[in-house]
Amino acid sequence: MTAEEQLTECDHVLLAFDGPVAELPSVAVADRLRTLLAEAELPRRVARTGDPFAVIAYAATVGPATERALYAHLRRVEFELTGGARVADGLHAALATLAAAGARLTVVSGLHVDAVRSFLVMHGLDQHIRHLAARTGPGAELPPAPDLVAAAVRDEECVFVGSTGPDLAAARAAGVTALRYRRLVAEELDEQRNPWFAALSSPSRRLM
């Protein structure tokens with residue numbers, strides 16, 4: 001069975017936002033947040049981390065106003081990311097195929113739900129993707145977070161499509177079959193196949 005057949009026969013397809021849905025620009029988000037911290041010298045772990053939420057956690061030790069300021073800036077950077085992202089090759093046609101087959105489509109992301117929704121609406125993807133499992137506030141779960149996947153799953157036959165190790169691990173931890181998405185280079189493209197479906201790997205083992 002091909003990956004396309006696997007997806008069109010399941011009830012619910014979960015899509016990681018980064019990779020399968022959007023090709024995000026490379027932005028050092030943690031560096032952007034560090035510029036707002038006025039302290040001359042940050043702790044080594046904070047100065048070197050690439051995790052923006054570790055920087056925000058440190059900001060909370062400075063004071064609640066500093067924490068709020070950094071989180072607000074993170075929200076602005078996330079809108080910048082989604083505003084500069086491009087739609088994955090072949091995604092529009094792939095979503096139309098899955099929707100026509102009756103699959104429910106949900107996007108899963110650690111970005112704020114408003115930033116993800118703005119991208120979907122801007123590119124006309126919201127006509128097929130009606131459900132989001134994304135961050136809603138400072139204390140929300142972040143990838144790798146099986147809860148983000150589990151929150152989107154009902155008692156249905158589900159398949160998760162992701163491109164990163166943490167995303168796929170989260171799907172498996174939630175007990176959901178995972179497909180790996182890998183963007184194809186020009187030499188791998190086949191005019192006879194939708195590039196989005198062609199970029200999917202064989203289904204991984206389902207972990208119960």
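These legends walk through several close-up views of a predicted model.

Residues are numbered from 1 along each chain as its sequence is written. In this predicted model, local features need pLDDT of at least 70, side-chain atom pairs count only at pLDDT 80 or more, totals for chains, interfaces and linings use all residues, and side-chain values use heavy atoms, leaving out hydrogens and water.

**View 1. An open sheet built from 5 strands.** Follow the order β5-β4-β1-β6-β7, with parallel pairing. Strands (E, at least two residues) and helices (H or I, at least four) are DSSP runs numbered from the N terminus, and two strands pair if DSSP finds at least two bridges between them. At the edges sit β5 (131-135) and β7 (177-180), each pairing on one side only. From one strand to the next, the twist averages 20 degrees; axes are lines fitted to C-alpha atoms, and angles run from 0 to 180 degrees between N-to-C directions.

**View 2. β4 and its partner β1.** Strand β1 (residues 12-16) joins β4 (residues 104-112) in the parallel sense over 5 bridges. Look for His12, which stands opposite Arg104 in β4.

**View 3. From β4 to β5 by way of a helix.** β4, helix α7 (residues 113-122) and β5 make a right-handed β-α-β unit: with the strands pointing away from the viewer, the path from the first strand over the helix to the second runs clockwise. The two strands pair in the parallel sense over 4 bridges, and Thr106 stands opposite His131 in β5.

View 4. Over residues 203-208 the pLDDT is below 50. Where pLDDT is low, predicted coordinates should not be read in detail.

Technical notes
pLDDT is the predictor's confidence in each residue, from 0 to 100. Contact means heavy atoms within 4.5 Å.
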